[in-house]
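I opened this entry to record what I looked up, topic by topic. The structure goes in first.

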Amino acid sequence: MSAVTETPARARLVVIGNGMAGVRAVEEILRLDPDVYDIHMFGSEPHGNYNRILLSPVLSGEKKFEEIVTHPRQWYADNDITLHAGDPVIEIDRQRRRVKAASGLEVSYDRLLLATGSRPFVIPVPGSDLPGVIAYRDIQDVEHMLRAAQDHRSAVVIGGGLLGLEAANGLMRQGMDVTVVHVTDSLMERQLDKPASGLLRNALEKRGIRFMLEAHTAEIIGTDRVSAVRFKDGVEIAADLVVMAVGIRPNIALAQESGLHCERAIVVDDTLQSLSDPRVYAVGECVQHRKSTYGLVAPLYEQARVCAAHLVGMGHSRYPGSVVSTKLKVTGIDLFSAGDFIGGPETEDLVFRDPRRGVYKRLVLKGSRVVGAVLYGDVADGPWYLDLIQQGRDIASIRSRLMFGRTFCERNNAPLAASETA
Amino acid sequence: MDGVSPEGKLIKTTCPYCGTGCGVDVRINNGVVEVSGDEEHPANRGKLCVKGSALNETVGPGGRLLYPEFRRALSPSRGRRVSWDQALDHVAESFAGIIAEHGPDAVAWYVSGQLLTEDYYVANKLAKGFVGTANIDTNSRLCMSSAVAGHKRAFGEDIVPVSYDDLEQAELIVLVGSNTAWCHPILFQRIVKEKERRPELKLVVIDPRRTATTEMADLHLPVRGGTDVWLFNGLLSFLHQHGIEDTAFVEAHTSGLARTISIAENTAGDIRSVAAQCKLQETALSEFYRMFARTEKVITAFSMGVNQSGAGTDKVNSIINCHLLTGRIGKAGAGPFSITGQPNAMGGREVGGLSNMLAAHMDLDKAAHRDLVQGFWRSPVIADKPGLKAVDLFDAIDQGKVKAVWIMATNPVVSLPDADKIKRALGKCELVVVSDVMARTDTSEFAHVLLPAQGWGEKDGTVTNSERCISRQRAFLPAIGEARPDWWALSQVACRMGFAEHFAYESVHEIFDEHARLTAHQNGPEDALPRYLNLDGLVGLDRTDFDDLQPIRWPVPAAGKGSAAGMSLAPFSDGRFQTADQRGCFVPTTPRLPQHAIGDDFPFVLNTGRVRDHWHTMTRTGLAPKLATHVSEPFVDMHPHDALICGVREGELARLRSRWGSCVVRVSLSGQMSRKNVFVPIHWNGQFASDARVGALVNPVVDPVSGEPEFKHTPVQVEPFLVSWYGFAFSRSRLPMTEAAWWTRITGEDFARYELAGRRIDKPWPQWARAQLGVAADDAAVDWLEYEDQSAGIYRAALVVEDRIEACIFVSPRQDLPSRAWLSGLFGKSSLEDVDRMALLVGEPFSPGEDTGATVCSCFGVGQKTIEKAIEQGCHTPSALGRKLKCGTNCGSCVPELKALIAQTLAPA
C-alpha cells in the first residue's frame, strides 16, 4: 500500500486509540476549533467508539450494544475525521513524525496524541491461555461471555473488584452459577472500607453469587477448554468459563518502543504533554500524571479537556490530577466512594449506620476538610461530597450535620449554601 | 369514703396545691378525668392555674403505693407486701411498746398541710389526748408557723383578718416575700384583674428577686434578704413621725405601743440608715413609706419570704404593728394578710396540728384549755407541754430520744433543712412508718412500714384555705389498690392501742362533726373561754349535709345564736382581739441579721422557693407532662458577674456547697438576681435528679419563737461542676441512669427524658449507649441507628421497635445538642416516617420551622419561638398574643413572661 506523502493543508493530528479518552479529546478539540487539525484516528477495534462503562449493562442484558455506541462511523465522516478502525498502529517514528499501522499504512503527524488505554492483566498461571478463559475489557469479551452463558453452567470470576463484580452480576443475570474468587479478604478494597464491602458481599450473596475470599489461583485446568480452577490450598472448583478481572495495565508498549519516557505509564506534565517529545501528548489510562494513573472515566475526561486546549493552542488550563469517585453499576446496589476513604493517623471519621435500611456512610475528614467518602445504600449526596472534596471546602461550621446531607447543611443559610456550587 | 363519680356526673372538689384553695369541677367522660374551675367557688370563680388544670394528669396509678409493705430500711427495693391488719398491728404494738418502755415522748408524728382537717384531727387527738405527747408537728412548721406565732402574739389567737374579697377593695396591696404570680397564681390574677379595672389600685412588691410578680408591680423594693424588720420598723417610725396614726383605735384597742415605737425609732429611725441596711434606694423606700402613709385601704400580704426566716415571727409582727398603729385592720380592704402555702395549712392549725398547740385554737400551756379539751375527748391524759418542732423533732430522732415516727403525706428527706441529717436520723430510727400515695420517695426509702394513702380524687373531707374558707375535697375515683384514708389508719392504730371507743369513726363526717363540736364547746357568748374559731353552725351535719357542704368562711355561728362568742364575722371589726385584755398587742421587734452571714468561704446567699409549674417534692406534679415543660431542670439562678467570678457559665453545671451539704444544678442567668444572691428551687429530689436536693444545703437555723427554719438565707459557695460530656436520652420506659455523673428526669407524654452529663466512660460510646438503653451489645436484630464523630466525641443513636421510636440518646462534649422539642414529638407518632427517620439523628425536622422552642404557656403549650414570631407579626400586648395564640388566656400566670418577651423582641437589637 502506498504511503500518504502529500503535505496536508492543515496541521495533522494523529490519535492512537479510538476509545473514550481519544474520542473525548477529539471532541474537545472540535468544540474549540474544528478547523485547526486534519485528524486521523487509529483503533484496534473494528468499529466506532462506544461507552465502555456501559458494557456491564449489556452483559446483564439491561442494554443492547447499539445503545452504548456513542460514535458510529458516520460521526467521524461528519466531522471529517479519517478513522482507521481495526488497524492498530504498530510503530511510531518520532524523528520523521510518522506512525505505521498494522496494515502497513503510514501517516505523518504534526501532533501525536496517545490514547492507547490499558489492557487487562492476566495472571500468568498454567492454563490461563485455555479457551474459555477471558478478560473483561471490550465488547468482544462481553459477546464471548454471552455466548458462553448460552451453553455453559458455571462461571468463575477471578477478581472481586469493580469489573469482576459487574461481570459476575451480569453472568448471574444470564443464568450462570457464578463464583467470585478474590485474593484479599474484602471486595473492592480499593473503593470500599471493610464495613461497606461486607454489606456489599451480603447483598450479592443474597442474589446468588458465591464468594471465595483470600483464595489464590494456582492453576486453570482443562484440555480443549477450561473445566476447573485449582487454588494454592488444593481446593478445586468446576468452571466452564473463567473471567479474569484482576486489574488493568497501562498499554504503553508502543510508547516505550518509540523511546517516550515511561514509568508505570507514559509520563506527562500538567498539560498532558509527554516529557520526552513536545509534539506528543497522551490522555487516559495510558497516562501517568504526578505519580498517579487512573482507571476511571472522570479523570480521563478532565485530561481530555486540558489536553485539547493545549493542542489547539488555547493552552492556559492545567490538569491538577483528579479525585476519583466510583459507582458500582449493579442494579439495586447503591454504592459510592470517593477520595481517600481509608484515611490515616491524621484523619477523622464520621460514621453513620442504619442496618435496618441497609445504609452505611463514612466521611473521612482531614482538618476541617472532607477528603474521602464511602456511601452504601443511600448515595444521594455522593456528588455533593465529591464536590466538597474537590473544592476542599472548610466544613467546620456544618460538621455536625455534614453526615446528614446537603438538605440539612444548606438550610437556614448554613455557610455552604452561600458558597458557589460546582 | 370510696365515692366514685358516675360517668359524666359533676363532682365539686378543691385543689390540693397552694393555699388559695380553688374549687375544682370534675367530670369523668368515658373514663377520662376532666377538670375545670368551679364557677361558684368564692376563691377562684371558675379560674384554674396550670397546676390545677393539669390535676387530671396526676390521678393515674403510675408509681402509686398500692399495698401496705414492710421494708427493711435502706433496701427500698425489698418491700414485702402485708395485709392492713399485719401492718396496723405492727405499728400499734411497736408504738405501745416504745411508749411503755420510754414514755410517750419517745414517739412522734410528722404530718402535713396536705392532710385533710379530719386526718389532722384524729392524729392530733391520738397524740395529745391518748398517747399523751405533743410530739406531733407538721410541714406547716416550714410554711406558716411564723405567721401563726405572730398572730398569736398580736391577736391572742391564730386569726387571719383578711379575705380575698378585701384584695379587691384595697387601694394599696403590699406583697412581702411572695412570688404570688407563680405560687398563688389565681389569687394574683384576681389582683391583676382588679388592677386593670381600677388602675388607682397600687401594687408594691418587696422581694430580693425580680420575679413574675415584680413585673406587674408599680414599685419593687429588692430588699436585702433578712432585713424586713428594719424595713417595717422604719415604716412604723415613719408613720409615727408623720402622725399617721389612728389614735382613737390605738388608745381603745391596743397595748404596748410606747416600747414598740421606741425600739422601732432606735433601730430604724431614719430612712437613710434603713435604706442602707436594706440595700434599697432611699427614694424608692420613702416612696413606699409615703404610699403606705397616704393610703387608708392597704393590705400587706406576706408569704414564705417573711415566714421562712430566723426572724420570721418578728417580721410578721413588724408588719402587724404598722396596721395596728394606723387602725388598718378589721376593716374592709385593709389588714395584714398571711397567704398560706399549702391547701390545708390552716385546717391543720384549726385542729391543733402543731406541736405547740392543743386543739381548736386552744393552748397547751393554759390549764383551762387542757381541761376543756380533755373533758371533751374524755381522754385518759392530755399533753401539757409543747412538743418538739419539726427541726428539733428530727434532732431528737437523731439523738435517739424519739424512737418511733409516723410520717404522713410529706417528704422531710427533701424538704427539711440540713436534709442529709434527716437521712441519718431516719436511718437510725427504730421504727419509721410512712403513709404516702407514692411507692418511691426519698423518704419512703427509710421506712420500715409503708401505708398506702389515698390520693387527691380518692380522699374525702375538708380543707381550709388562706382566707379561713372551709371547702370539701370530694372523692370521684375509687381508691387505688388498698389505699385507705389516713384518719382510718390512725383510728385503727388507736383502737389497737386500746382506745377503740374514742376512735370508732365510721365515716369522715363524724370526725368533722366532732371537730365542729369541739370548736363550739363552751364557746358561747357567755362562756369563759371564747375562741374566735367557732363552727357551731356546722355541728350535727349528717352524711348528706356534709356532702352538700358549700364553701364557708369561719367563724360559723349557729343559726339564731347570733355571731360566735358574740363576735362579728369580720375579725376585729369591733376592735376586740382574743387576748386576755381583748387588746391587740404591739410587739417590739428588735431587728437582727440572719444567724449565718456570708463570708469568704461562703460568699453567696442561697434563697429557695417554688417554680410556677411544680409543687413541693414533685410526687404529683412530676407525673404531669404538661407541668414538666415550663422549668424542666433544677437550676441555680445568679447574677452574671457572680457567675463570672465563680467561673460558671449559663447552661453549664455548677456545684453549690454550704456548711451542711451540696447539690449540682444547671446555671441560669435570668437577670432576676442581685449580686451575692443565688436562687435554687425546692422541688427536685432523688427521684428526679442525681443531686439536686437543695434541702441538704439549707442551714438548720430556726426562728426562736415559731421554730420555722431559715430557708431563704444560707451562705453558700458556687463552683463549676466539670464534666467531659453532656447529653440527653429519651425512653418510653424508665432508665436506671447509673453511668451518668449527673442526670435529671423529665416526664413527657409517652416518654421520660433524661438530661445527662458525665466524666469518663468505661467503654466506647456505641457499647455504652446500648447498655444505657438496655440493648444487647451484639444483637444484630435490633433496629439501631447510630451516628458517631469519634474524634469530636459526638455520638447519637436511636432504637426503633416496630417502626416506632422506642428510645434515643445524644452525647457531645459541648452544650451543642439539638433541641429536644421536635424529638419529643416523634414519641407521639405511632410509626416513624422515612423523612423523620432520616432526620432523627440530626434532631431536627427535615422540613424546617417545626421547632416551637421552650414552652412559655403550659396551659395551651405555646412555645417561645412561636410567640416571638407572633410579636414580630404585630402582637405587641399579651392580650393580642392571647387572641392569636391563646397563650396566657387560661391561668394567666405566663402573662408576665409574655410581657418580658414582648419587651425583648421589640427592643432594638
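Predicted model: local features only at pLDDT ≥ 70, side-chain atom pairs only at ≥ 80, totals over all residues.

Entry: a helix of chain B. I looked up α11 of chain B, residues 257-268. This helix has 12 residues and reaches 16 Å from its first C-alpha to its last, close to the 16 Å expected at 1.5 Å a residue. I found Thr260(B), Ile261(B), Ala264(B), Thr267(B) and Ala268(B) buried in α11(B). Seen down the axis of α11(B), the buried residues fall within an arc of 145°, so they line one face of the helix. On the other side of α11(B), I noted Ala258(B), Arg259(B) and Asn266(B) as exposed. The cover over the buried residues of α11(B) includes α9 (228-241), α12 (271-278) and α15 (312-325) of chain B.

Entry: the cores. The largest nonpolar core has 370 residues, and Val242(A) is one of those that touch the most other members. Leaving aside neighbours within four places in sequence, I listed contacts of Val242(A) including Gly132(A), Val156(A) and Ile220(A).

Entry: where the chains touch. I have 16 residues from chain A and 14 residues from chain B in the contact. On the side of chain A, β25(A) gives the most, with seven residues. I read that side as six nonpolar, three polar and seven charged residues. β25(A) pairs with β30 (783-789) of chain B in the antiparallel sense over four bridges. Val351(A) stands opposite Glu788(B) in β30(B).

Terms used. Residues numbered from 1 in each chain as written. Chains lettered and ligands numbered in written order. Helix = DSSP H or I, 4+ residues; strand = E, 2+ residues; numbered from the N terminus. Expected span 1.5 Å × (residues − 1). Buried ≥ 20, exposed ≤ 12 C-beta atoms within 10 Å, placed from the backbone. Arc of directions from axis to C-beta. Contact = placed C-beta atoms within 7 Å. Core = buried A, V, L, I, M, F, W, Y, C linked by C-beta atoms within 7 Å. Nonpolar A, V, L, I, M, F, W, Y, C, P; charged D, E, K, R; others polar. Pairing = 2+ DSSP bridges.
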